[in-house]
Amino acid sequence: MAWTLSPWLTGGTDSWPKDVDWALLPPCEYHWNRPVVWLDEDRLVLGGPGDDEAEIIPGARAFDLRTRGDEDAMRPAEIATFGGHEGRFFAAHGLLFTSAVAGLDIWDPVIGARLGTLAGIRPTHHDPMHGELLELSASGLRRWQTSHATV
């Protein structure tokens, strides 16, 4: 579930659910540790398309929480579903960055197209203040500017 935090924080439990804008995300039985990242204040990307742990495939589903889906008014509109990656998710400049064994992949999350791959770097953290993806490992710290991927 995703919800607007400010009314809930200021109004407390009495504001739930009448004054809080909320949406149900797709359930996925027994798959609790999938990646998720906010692209901006209204859109998020959830990893692992599929409805059950046994059906999960590497990939992502992008949602726009401003609009509701056609079939269920409680669910946000799904704007893209695409396969091809797994690992940590990061977002900057409207792009999705995925960190996996092969390296860093850069995606357009609206159309599900891979825009590029950077082999040899596997970010573990995101520093949005400095616009960097960081790889922290036993050998040290590597930094990569997300602005290099702007389109």
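Here is a walk through this predicted model, from its overall layout to its sheets and its cores. Residues are numbered from 1 along each chain as its sequence is written. Because the model is predicted, local features need pLDDT of at least 70 and side-chain atom pairs count only at pLDDT 80 or more, while totals for chains, interfaces and linings use all residues; side-chain values use heavy atoms, with hydrogens and water left out.

Let's start with the overall layout. The protein has one helix and 13 strands, where helices (H or I, at least four residues) and strands (E, at least two) are DSSP runs numbered from the N terminus. Followed along the sequence, the pattern is β-α-β-β-β-β-β-β-β-β-β-β-β-β. Of the 151 residues, 39% are buried, that is, under 20% relative accessible area with a 1.4 Å probe and protein chains only.

Now to the strands. An open sheet is built from four of them in the order β3-β4-β5-β6, with antiparallel pairing; two strands count as paired if DSSP finds at least two bridges between them. At the edges sit β3 (36-38) and β6 (76-83), each pairing on one side only. On average, neighbouring strands here are turned by 20 degrees against each other, direction ignored; the axes are lines fitted to C-alpha atoms, and angles run from 0 to 180 degrees between N-to-C directions. To find your way in, look at β3 and β4 (residues 43-47), which three bridges join in antiparallel fashion. Trp 38 has Leu 44 of β4 as its bridge partner.

Further along, β9 (residues 103-108) and β10 (residues 113-119) pair antiparallel over six bridges. Here Asp 105 stands opposite Thr 117 of β10. The two strands make a hairpin with four residues between them, and Gly 112 in the turn has a positive phi of about 75 degrees.

Finally, the inside. In soluble globular proteins, nonpolar side chains tend to be buried together. A nonpolar core here is a set of buried Ala, Val, Leu, Ile, Met, Phe, Trp, Tyr and Cys residues joined through side-chain atoms within 4.5 Å. The largest one has eleven residues, including Val 37, Val 45, Phe 82, Phe 89 and Trp 107. Two or more of its residues come from each of β5 (59-68), β6 and β7 (88-92).

Note on methods
Buried means under 20% relative accessible area, exposed over 50%, partly exposed in between (1.4 Å probe, protein chains only).
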